[in-house]
Amino acid sequence: MGEGCRTVPLAGHVGFDSLPDQLVNRSVNHGFCFNILCVGETGLGKSTLMDTLFNTRFEGDPASHSQPGVQLKSSTYDLQESNVRLKLTIVGTVGFGDQINKEDSYKPIVEFIDTQFESYLQEELKIKRVLHSYHDSRIHACLYFIAPTGHSLKSLELVTMKKLDSKVNIIPIIAKSDAISKSELTKFKIKITSELVSNGVQIYQFPTDDESVAEINGTMNAHLPFAVIGSTEEMKIGNKMMKARQYPWGTVQVENETHCDFVKLREMLIRVNMEDLREQTHTRHYELYRLCKLEEMGFKDTDPDSKPFSLQETYEAKRNEFLGELQKKEEEMRQMFVQRVKEKEGELKEAEKELHEKFDRLKKLHQDEKKKVEDKKKLLDDEVNAFKQRKTAAELIQSQAQQAGGSQTLKRDKERKNSGFL
Amino acid sequence: MEEQPAQEQKQQDAAKPGPGGQELFGYVGIEAVLDQIRIKTIKTGIEFNIMVVGQSGLGKSTMVNTLFKSKVSRKPLSYEDRIPKTVQLRSVTHAIEEKGVKMKLTVTDTPGFGDQINNENCWEPIIKYINEQYEHYLREEILINRKRRIPDTRIHGCVYFVPPTGHWLRPLDLEFMRRLSKIVNVVPVIAKADTLTLEERAEFKQRIKKDLKAHGIIVYPQEDFDEDPDDRLLNDKIREKIPFAVVGADKEHQVNGKKVLGRKTKWGIVEVENSAHCEFPMLRDLLIRSHLQDLKDITHNAHYESYRTRRLNESNMVGKSGTEWVPLSPFNGEPESHL
């Protein structure tokens, strides 16, 4: 602050020290929202822990183990404590770690987180936007539930955390830690921390830059990952009702700091660092996502002496490019259409030609036949004429023979001949 | 863990179910987030930019010095300094601190406003300046690689000094306020109010309010931005009293054995911080003690957003017409096109 400006002393009480209160009032009026993502295998007590953390009973039945893939289920609740209204969204992974092939298990989670960032980015890029009343759905904290094996991290856990560490604030916790004894727990924690470090997984560090919280955050950082136990059942211990789990060999008290780190988790997550988690999500993870996304889309920051509004300009350029492509495609399609029409036309012409040829051929055939028939007819006519001539000649001879003194026998012969003739 | 005992007490009344919400069986500690916000604000500090507009000699610089109880505004070195031929804008930035809360205060002065014979368009350099600040912010916001905290130079409040004529608002006042109330929070005040008696003040205020209403000028606090009934109640009370009749003074005098800021005249001492004498305390409370954050919020959520929408729509239209990119020249003629 104050680079290039002088500090001036105040001669009296001005009153802007009330600004933090003004801000607080505004936030109270507005309400807060906080989104937690719980990642872990089925049956590690994620829902129970949420119930215990927020001292309430969220709805939901325990998930089955037979999911075909990992799904994310999100539910939003309105909590109110004195005058603070909190819109809490809890996202749980359903079916994580249940499949035989877990190679792609982390993908739905990463996609979900990216989708939330994307919708915020879309809202921010709109021309007419309402950012201050936008319901922020970006994940502020990711609680990773580590299975209490007591040895080391499973490879699924390591891989998933590595994929998530640049997108969200990861807080690893050891679930169902009443299964591990104290000495095993210390070794387990050390092993986990060293594995995370050696694999370069960046987990969320509680901030130590402000004096009021630096001390407590510093000590807490050393206790990560927190070993927690969740329980919503209350038992009477001494003369107070406490949340606990009862075993034949004793009762585990959830809020007893010597039994588990639940109180530390609640302190860190809600009472001390909720605002910082939200801020980190916005200024670090979201900005990184935005940077990558915009660069991927081809936007660049122009240099100082270039035109203004690089975002808009590039967008316009892209739009023109896209329109140009559309036009090109249209042209292509048109060409193709013309081509096809031509082809079809050609085909039709061919067929037409063929038909003509066939017609000509048939016509010729028909003419030949006709000629033949006429020839035959002519022949026949000639024969008929010839016969007629012979007939007339024969009649002439007959009449002559009769005149010469024909006999009846001759007549009869003639008649016989005639009748044979007729 | 020092908060533990206090929290135990809160446990009883804290766990009431919210309207239509989830019931909490016990104390969770969500309200600790308020403290977290407080700590964060104190750590990051505040930026506040105020502009004072009015003719020379109305006591603008003195007023700002009185508001912030320090010499944050430079008065003209001598009264023989030439009045500038055109309106100039001079910004001075100071860092002030009170009870751990740091503020970076920028005061923009406008010498030359309304001082010429022909004052036509004297508001344009001011409008241009305000829009330039919005432009800077927009450019920063639109970068791919942007800063964690974008430096905020946008004007959060513009205090307009009305000369105490006692009659009506002059055409210059009306023109200026009409144009500026659309892009920035305008707080009109009656300057040098010690020349008006209390009755004259009341009458003047009524006339001013009527004038403003008749011309459709909406000054801060704007009715449209009242968020809930409580806000409305509070702001209605303020709207009753604006414009505040103020007197500025940076000299201290002895009154009844106490040191007070005031102006000494032959007929008495005008105490600046006495609400019976003038309304300076109300102005100070409005600007600093109660509505500082509100001024910033309205600037950011309403004025800046409408500027941004306008700008982005314009660039869209330029692109559509197919012409080349017109480098956005410094708003020549732009103030008129949308006002």
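Guide: We start at B:Thr108, which touches B:Ile50, B:Met51, B:Val52, B:Leu89, B:Arg90, B:Ser91, B:Tyr129 and B:Ile155, leaving aside residues up to four places away in sequence. A contact here means heavy atoms within 4.5 Å. The model is predicted: local features need pLDDT of at least 70, side-chain atom pairs count only at pLDDT 80 or more, totals for chains, interfaces and linings use all residues, and side-chain values use heavy atoms, with hydrogens and water left out. Residues are numbered from 1 along each chain as its sequence is written, and chains are lettered from A and ligands numbered from 1 in the order in which they are written.

Visitor: Why does B:Thr108 count as buried?

Guide: Its relative accessibility is 1%. Buried means under 20% relative accessible area, exposed over 50%, and partly exposed in between (1.4 Å probe, protein chains only). B:Thr108 therefore counts as buried.

Visitor: What makes the pair of B:Thr108 and B:Ser91 a polar contact?

Guide: Their side chains come to 3.0 Å. The term needs a pair of N or O atoms within 3.5 Å; within protein, one must be able to donate a hydrogen and the other to accept it, and residues adjacent in sequence count only if both atoms are side-chain atoms. B:Thr108 itself is in strand β3 (residues 101-109) of chain B. Helices (H or I, at least four residues) and strands (E, at least two) are DSSP runs, numbered from the N terminus.

Visitor: Why is A:Ser152 called partly exposed?

Guide: A:Ser152 has 21% relative accessibility, so it counts as partly exposed. A:Ser152 is in the loop between β5 (141-146) and α4 (155-164) of chain A. Not counting residues up to four places away in sequence, A:Ser152 touches A:Phe188, A:Lys191 and A:Glu195.

Visitor: Which strands of chain B form an open sheet of three?

Guide: The order is β7-β8-β9, with antiparallel pairing. β7 (252-255) and β9 (268-271) of chain B stand at the edges, each with a single partner strand, so one side of each has no neighbour in the sheet.

Visitor: How do you know that β8 and β9 of chain B are paired?

Guide: Two strands pair if DSSP finds at least two bridges between them. Four bridges join β8 (residues 258-265) of chain B to β9(B). In this antiparallel pair, B:Arg263 stands opposite B:Val270 in β9(B).

Visitor: How many helices and strands does each chain have?

Guide: Chain A has 10 helices and 10 strands, and chain B has 10 helices and nine strands. Buried residues make up 41% of the 422 residues in chain A, and 51% of the 339 residues of chain B.

Visitor: What confidence does the predictor give chain B?

Guide: Chain B averages a pLDDT of 79, and 83% of its residues score at least 70. pLDDT is the predictor's confidence in each residue, from 0 to 100. The value is under 50 over residues 1-20 of chain B, where the model has 24 contacts beyond four places in sequence. Over residues 319-339 of chain B the pLDDT is also below 50, with 29 contacts beyond near neighbours in sequence. Where pLDDT is low, the predicted coordinates should not be read in detail.

Visitor: What are the values for chain A and for the complex?

Guide: Chain A averages a pLDDT of 84, with 89% of the residues at 70 or above. The complex has an ipTM of 0.76 and a pTM of 0.73 from the predictor.
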